[in-house]
Amino acid sequence: MSDERDGADAADANETEEQRGGRTAVVTRPQRPTGKRSRQRAEADETSGAIELTGDEADAKAKKAKKAKKAGASRGPNPFVYVYNYLKQVVAELRKVIWPNRKQMITYTSVVLAFLVFMVALIGLTDFGLAKLVMLAFGNR
């Protein structure tokens, strides 16, 4: 298959973008990084990019970052904030749940109980049959 235009398409080669209905094949990069590695790469590009800071600006920025890091490290993580956020997320997820009504609950419960009775009978009968088989093969004589 070729990227060149065939005879029928060659007549359309002189069309402008408006005549083609605005169809273009431009590929662009996303404006924001989409993942952690992309974000790290973008930050690395920014710091080593075309704009370099002067000595005073770089020192001020480094001091500010060091101060912010030190302030966060001295207090440590607050466990109450984690518990509060967790409980808030639990409540938000429980609000999304579609709870069954009474009729559905009775139906689901009866299906589970019927399956439970069936499995208990199946396993019980299998156990009983295998026990009889073992007694026949190795029983007291």
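Residues 105-125 are 100% helix and 0% strand, with the end C-alpha atoms 30 Å apart; helices (H or I, at least four residues) and strands (E, at least two) are DSSP runs, numbered from the N terminus. This is a predicted model, in which local features need pLDDT of at least 70 and side-chain atom pairs count only at pLDDT 80 or more, while totals for chains, interfaces and linings use all residues. Residues are numbered from 1 along each chain as its sequence is written, and side-chain values use heavy atoms, leaving out hydrogens and water.

**Annotated segment and nonpolar patch**

- An unreviewed UniProt entry annotates residues 105-125 as "transmembrane region"; such annotations may be inferred rather than shown by experiment.
- Phe115, Phe118, Leu122 and Ile123 make a nonpolar surface patch of about 440 Å² (nonpolar side chains joined within 5 Å, from residues with over 30% relative accessible area and no salt bridge).
- Leu122 lies in helix α5 (residues 102-138).
- Leu122 counts as partly exposed because its relative accessibility is 40% (buried is under 20%, exposed over 50%, partly exposed in between, with a 1.4 Å probe and protein chains only).

- The structure holds one salt bridge (a side-chain nitrogen of Lys or Arg within 4 Å of a carboxyl oxygen of Asp or Glu).
- Glu93 and Lys96 form a salt bridge, their closest N and O atoms being 3.2 Å apart.
- Glu93 and Lys96 are three residues apart in helix α4 (residues 79-96), and are therefore separated by about one helical turn.
- Glu93 is partly exposed at 47% relative accessibility, whereas Lys96 is exposed, with a relative accessible area of 60%.

Key: Patches are made of residues with over 30% relative accessible area and no salt bridge: like charges are joined within 9 Å, nonpolar side chains (Val, Leu, Ile, Met, Phe, Trp, Tyr) within 5 Å. Accessible areas come from the Shrake-Rupley method with a 1.4 Å probe; for residues, only the protein chains shown count as cover.
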